Amino acid sequence: MQAVDFTALSAAVADLKSGWLPARVEQVRQEDAQTIKLLLRTFKTSRWLVASCHPQAARLHLGEVDRTKVTRFPFGSTAHQYLAGKVLVNCEQPAWERVVRLGFARRPEEQTELDLFVEAMGKYSNLVLTDANGRILALAHPVTAAQSRVRPLQIGDPYTPPPPLKLPMPARHEAFDDWKARLTVVPGPVGPALFKVYRGVSQSLANQLLAQLGIGAGTAMAVLDEEQWQAIHALWNEWLRRLGESDYQPGLIRGGGYTVVGFNLRSPVEPIHTLLDRYYRDALNSELFHQRRSRLQQVLKAALAKATKRQTAFEQMMENARQVDRFKSEADLLMAYLHEGKPGLTTIELPDFMTEEPVSIRLDPAKDMVGNAQAYYKLHRKAKRANQAVEPLLTEARAEVHYLEQVSATVELLNEPADLEALGEVGEELTAEGYAASAKRSHDERPWLQIAQ
């Protein structure tokens, strides 16, 4: 999944500043532990503003709301309490930082009294709501001093921005020779050098730029000729020009992913918010689908193993119960040949009633022939009762195994993110059948994902 970088965030911010200031916050929703949505209304229209601190999909863009009923989250509840009815009057992004400050006031002409900081920084992403004095009112992920000595974040503490990057800032006026010299100091391929030397440059942007020129990101800098270096520098300056003039060209790129500056473009998608909303909705749905499918397969594997084991046990019991006729036949033989019995015998051979073939019968030497016959009659009755009890259980076990095999086959056929709803129905059915334990819905799971113990 492609992460939102400085360039994509800048494009989203530029569009918000041009068309959505001021905008009243009608409603605040938090659909999962990492994503909050604000319903913005202007004089012309209304739309949801999505702010997420997902570790792989932290982002800020206009989008849609998920209609799924969700559990209330503390951050969303607090944000609604403070932001509902307020007006979005400011949207700022510090230079070359993946942080956006959204300012809210009571009225468009008044001073900002609340700020929502959207920090889209990979695994360090966060959402932080502060008051006019910079005091933290709520945040998506509290950070203790034990977790970070550099920048702990707790409710009631003053908000401190992320530590600034120490890399040099890209600049259009930088001479070609100086630019090239910075890059060639870094050992390795040209792709990693582009995003390791300057701040604000992501790996995806570097790859897009090089792909536009037909140069592989893993190409060694030593093999690039002067013409290729000049072409890379020219496209580098084109990126900086688009940033400076807010001249964005969003769309999907060849090989997967997206661009907002037109590099390696496969198909344009306008506006930027539509691109980001579609891309991350599809990417997260795909990730969620594979996660749920994998866990559902675990549920089925465990349930099928348990059911198969039960079926095998019942089949063994039925096999033992099939000794019913043999026990009765041996008891009848003993009663018919009482005169053949002698004290202390451990076995005796008697002719079968039908075939007259010798039948070897084990005897208890402490009992006489009648006692041994009675023992076999007792085994016969016990086996007969067992046979009657186990047969319906075996039928039920076989039906259960067949059912689980069918469900497993169905899950194997559901292999596309578009099958997410169907996968959910299968999971809910297994929950209803008791194969998966019901649990409270979390930010990325459904109740049926927990294996029943």
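User: Which residue in S12 is the bridge partner of leucine 252?

Analyst: This is a predicted model, in which local features need pLDDT of at least 70 and side-chain atom pairs count only at pLDDT 80 or more, while totals for chains, interfaces and linings use all residues. Residues are numbered from 1 along each chain as its sequence is written, and side-chain values use heavy atoms, with hydrogens and water left out. Strand S10 (residues 251-253) runs antiparallel to S12 and is joined to it by three bridges; strands are DSSP runs (E, at least two residues), as helices are (H or I, at least four), numbered from the N terminus. Within S12, leucine 252 has as its bridge partner serine 267.

User: What is the strand order of the open sheet of three strands?

Analyst: Two strands pair if DSSP finds at least two bridges between them. The pairing in this open sheet is antiparallel. Strand S11 (258-259) and strand S12 (265-268) are the edge strands, each pairing on one side only. The order is S11-S10-S12.

User: Which residue in S2 is the bridge partner of arginine 24?

Analyst: Strand S1 (residues 23-32) is joined to strand S5 (residues 87-92) by two bridges, the strands running antiparallel, and arginine 24 stands opposite valine 87 in S5. S1 is also antiparallel to strand S2 (residues 35-41), with seven bridges, and a hairpin of two residues joins S1 to S2. The partner of arginine 24 in S2 is arginine 41.

User: How are H4 and H5 oriented to each other, and why?

Analyst: Two packed helices are described by the angle between their axes and the distance between the axes. For helix H4 (residues 190-197) and H5, the axes come within 9 Å and cross at roughly 135°; axes are lines fitted to C-alpha atoms, for helices over the stretch in contact, and angles run from 0 to 180 degrees between N-to-C directions. Angles under 35 degrees count as roughly parallel, over 145 as roughly antiparallel, 65 to 115 as roughly perpendicular and the rest as oblique. H4 and H5 are therefore oblique.

User: Which element gives the most to the lining of the largest cavity?

Analyst: On a 1 Å grid over the protein atoms alone, a cavity is a set of points where a 1.4 Å probe fits but cannot get out, whereas a pocket is an open set with protein on both sides within 12 Å along at least five of seven lines; lining residues have an atom within 4 Å of a point. The largest cavity has a volume of about 60 Å³, a volume being the space filled by probe spheres set on grid points joined across faces, edges and corners. Its lining includes Ser204, Leu205 and Gln208. With three residues, the element giving the most is H5.

User: How many nonpolar residues are in the lining of the second largest cavity?

Analyst: The second largest cavity holds about 40 Å³ of space, and its lining residues are Leu194, Val201, Leu205, Ala206, Leu209, Trp236 and Trp239. Ala, Val, Leu, Ile, Met, Phe, Trp, Tyr, Cys and Pro count as nonpolar, Asp, Glu, Lys and Arg as charged, and the others, Gly among them, as polar. The lining has no polar and no charged residues, and the nonpolar count is seven.

User: Which helix gives the most to the lining of the second largest pocket?

Analyst: About 890 Å³ of space lies in this second largest pocket. It is lined by 34 residues, with Arg98, Met121, Lys123, Tyr124 and Ser125 nearest its centre. The top contributor, with three residues, is helix H5 (residues 203-212).
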